[in-house]
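Subject: Handover of a structure and findings

Dear colleague,

Please find below the structure that I am handing over to you. The findings follow after it.

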Amino acid sequence: MTSQADRLHPLLKQYFGFTSFRPLQEEIIHDALAGKDVFAVLPTGGGKSLCFQLPALARPGLTVVVSPLIALMKDQVDALQAAGVPATFLNSSLAAGESRPRLRGLHNGEFRLLYVAPERLMLSGFLEDLKRWNVNLFAIDEAHCISEWGHDFRPEYRQLSTLRTQFPDVPMMALTATATERVRGDIVTQLHLREPRCYVASFNRPNLTYRVSAKSGSYEQILNFTRARPRESGIIYCQARKTTESLASKLTADGVPAAPYHAGLTAGERSKNQDAFLRDEVRIVCATIAFGMGINKPNVRFVIHYDLPKNIEGYYQETGRAGRDGLPSECLLLFSPGDRVKQSRFIDEKPDPKEREIARAQLEQIVHYAEVASCRREFLLGYFGEKFAPDDVAPATGRARHSVRAEPQNPTDGAHGVARPTGVVNCGGCDNCFSPRATWDGTLAAQKFLSCVYRIREKSSFGVGMNHIVEVLTGADTEKVRKFGHQSLSTYNIGAEHNRAEWGAVGRELVRLGLLFQNNEKFNIIELTDEGRAALKARKKITLTKPVTAPEPEKHRAGEIACDEALFEKLRALRKQIADERGVPPYIVFSDVSLRQMARFYPQSEQEFSRISGVGEKKQREFGAVFMREIAAHLQTNPRQIFADDSFAEPAAPMPRRSRLTDTVRETLHFFRQGKSVAEIARIRGVKDGTIFGHLEEAMLAGEAIDVNTLVNAEARRDIAAAFTKHGYGRLGLVVQSLGGRYDYGQCRVVRAAMQLG
């Protein structure tokens, strides 16, 4: 008798085109097939769907998937049907004529997977139908929606709590990408899971780079960022509906195809804009948080937050929509202290005091994230109770280590306390790690702030919030200051050297340093810690960090699986043509990872093509011949490029390029910016011309704006570019040789860099 593992791996390859499981998938699937309740927290892009899709194929019966969004259902069912999986969905978007054949198929046992919204599922007549359809598993996707402590609570999900009584013998699987310890407990309770096997994968997404930039001419920042990534798809999250429309309109007018998405658009408009994005007809969606849950577009290369998010859970989930295919992707947050004030006003309008308390605590956490000077990845993981160490990222595999759920090492419950970094780490993938911010001697400012907290408590016998402390320090004449007599304190108006925003930043950093405690269970009042008292008494030197700034405009080249870029573009065009003919998004045909492997390994036989990641039996039959013809045609007029490791192992996504420059390159740049020639710079620095060209190449690839026209004349550029197109970027020596020594290595290097940057 074959083992369960022996049965699963052939199905994995046959339907999904993979030869191995992602972390925790196999364990979760084994438990589901054993009839156990399962609760799984897997990051976006971590393969949650496969955990219930594969068991559905491994045994007879129907798996019912509860999903919150209509768009997600169609998207996943399209992908499953393209892979040969008998799946369908039922929701309000279908006309009666479309629903009837699906219901008939369900009665006849023709489907293995049914996607349905919670409102439809809980209709009494529908529940009676389910009892006749041999349901063997309920999979509750986006399970955090059932918890009022979650960031996206949906009341209709609470109805699912009755499923256990209606179907006492059917096991359940709850899945989410984002849940604090408190939310996890609430999900288990609400769904009445019975002794569930709980799995929590690492929240770390090693292929994502996290950056925070000060808002400064925010539209120009967005425009420069998107123009530097001319072939990449992205999502820009905005707080207001009006902003999504104006931003999309401006970007489109400036040559960057974009579309808005928000709840105020009609269903038809939302569907049209979403489909245009999924089919690569627009590069960017400017959206409110109404967009994105479960969107299965794997090649989103960047996510920008134009405004401050409401909480870390939402931020983490939204950034998680980048890089689902495992390739390097970017997350940029534009931050202004004014956004915090704006969010605070919205919170003040909430009628429920408990809701206000939770929202304020969550807001403080996201502000701490934006201002923190230490590793942002460590901060994010700490918020979800996971301790991060640098070796948790394995650059050779691009994957984080994983573990079965354990008690959090630094619990915050998503609403209490500050997710304070546990040590000095360098993740190599956030702005604070590869470009640390400047520090300043904040001893005097810290002493003033700590003293003010102490004096207020001493006079009034109670604590106050951050804003009130700042008002006392800056000498504000407010009703509260007069009411409590705080204008008579020795610390009143001693902080004229900083404005209120700057004092607020100082106070929040003192909280992060552990010198102050912000008690979120008592109206966010600020209190001295033992460490703060000791620092105040000893006049200990305290180093603070300067706030985030807006970077210079950049050039960009995303780190990717190395491949023949010209062939990759041809395969992308072929994929788009096939997808348009079938009326599906391009990634339903093949992912970018699959195309990049094809453009790296040049498969020429069915056996070779079947070894490409994502090629299952049905896709091999339908698409193998046409894609291999395109590859063969390319090789007739272009040489095969050779890469460092041309084995057929699934290539891992490399970590994003770091844009840090060495001091010697910066010195060369300094002279170049002064208008000096390569020869002059080489003479000043006492090195060869080739060394200076090498410095300039490095600077170009790191994002520095350098006009190659000032370095190499037009005729030389044409000759060198033609040689690289013929022989490939990796054949520098052959290119120089083929040009008969007319151009040196240095000239060829900078032309190649300009070509790579597009």
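Which residues in helix 23 meet which residues in helix 25? On the side of helix 23, they are Glu565, Leu567, Phe568, Leu571, Arg572 and Arg575, and on the side of helix 25 they are Asp592, Leu595, Arg596, Met598 and Ala599. By class, this contact of helix 23 with helix 25 holds six nonpolar and five charged residues, and no polar ones. Please bear in mind throughout that the model is predicted.

As for the geometry of this pair, helix 23 covers residues 565-582 and helix 25 covers residues 592-601; they pack at an angle of about 135°, and their axes are 9 Å apart. That angle makes helix 23 oblique to helix 25. The crossing in which helix 23 passes helix 25 is right-handed.

To place these details in context, the protein chain contains 33 helices and 19 strands. It has 758 residues, of which 56% count as buried. Among the contacts between residues at least 6 apart in sequence, 75% join residues at least 24 apart.

A second pair of helices may also be of interest to you. Helix 15 (residues 353-371) and helix 21 (residues 500-512) pack with their axes 10 Å apart, at an angle of about 95°. Helix 15 and helix 21 are therefore roughly perpendicular to each other. Here Glu364, Val367, His368 and Glu371 of helix 15 meet Ala505, Arg508, Val511 and Arg512 of helix 21. The residues in the contact of helix 15 with helix 21 comprise three nonpolar, one polar and four charged.

Two further helices were examined individually. In helix 10 (residues 218-227), seven of the ten residues are buried, so this helix is largely enclosed by the rest of the structure. The buried residues of helix 10 are Ser218, Tyr219, Gln221, Ile222, Leu223, Phe225 and Thr226. Their cover includes helix 11 (241-253) as well as strand 8 (208-214), strand 9 (233-237), strand 11 (284-287), strand 12 (300-305) and strand 13 (329-335).

Helix 12 has twelve residues (residues 267-278), which at 1.5 Å a residue should span 16 Å; the end C-alpha atoms are 16 Å apart, in agreement with that expectation. Within helix 12, Asn273, Gln274, Ala276, Phe277 and Leu278 are buried. Just after helix 12, aspartate 280 takes a positive phi of about 65°.

Finally, I describe two single residues. Is threonine 176 buried or exposed? At 0% relative accessibility, threonine 176 counts as buried. This residue lies in strand 6 (residues 172-176). Setting aside neighbours within four places in sequence, threonine 176 is in contact with Phe39, Ala40, Val41, Leu42, Lys48, Ala143, His144 and Ile187.

Lysine 131 belongs to the loop between helix 7 (124-130) and strand 5 (135-140). With a relative accessibility of 42%, lysine 131 counts as partly exposed. Apart from neighbours within four places in sequence, lysine 131 is in contact with Gln166 and Phe167. Lysine 131 and phenylalanine 167 are 36 residues apart along the chain, and their C-alpha atoms are separated by 8.0 Å.

With kind regards

Methods: Residues numbered from 1 in each chain as written. Predicted model: local features only at pLDDT ≥ 70, side-chain atom pairs only at ≥ 80, totals over all residues. Heavy atoms only, no water. Axes fitted to C-alpha atoms, helices over the stretch in contact; angles between N-to-C directions. Helix = DSSP H or I, 4+ residues; strand = E, 2+ residues; numbered from the N terminus. Parallel < 35°, antiparallel > 145°, perpendicular 65-115°, else oblique. Left-handed = near helix turned anticlockwise from the far one by under 90°. Contact = heavy atoms within 4.5 Å. Nonpolar A, V, L, I, M, F, W, Y, C, P; charged D, E, K, R; others polar. Expected span 1.5 Å × (residues − 1). Buried < 20%, exposed > 50% of the residue type's maximum accessible area, 1.4 Å probe, protein only.
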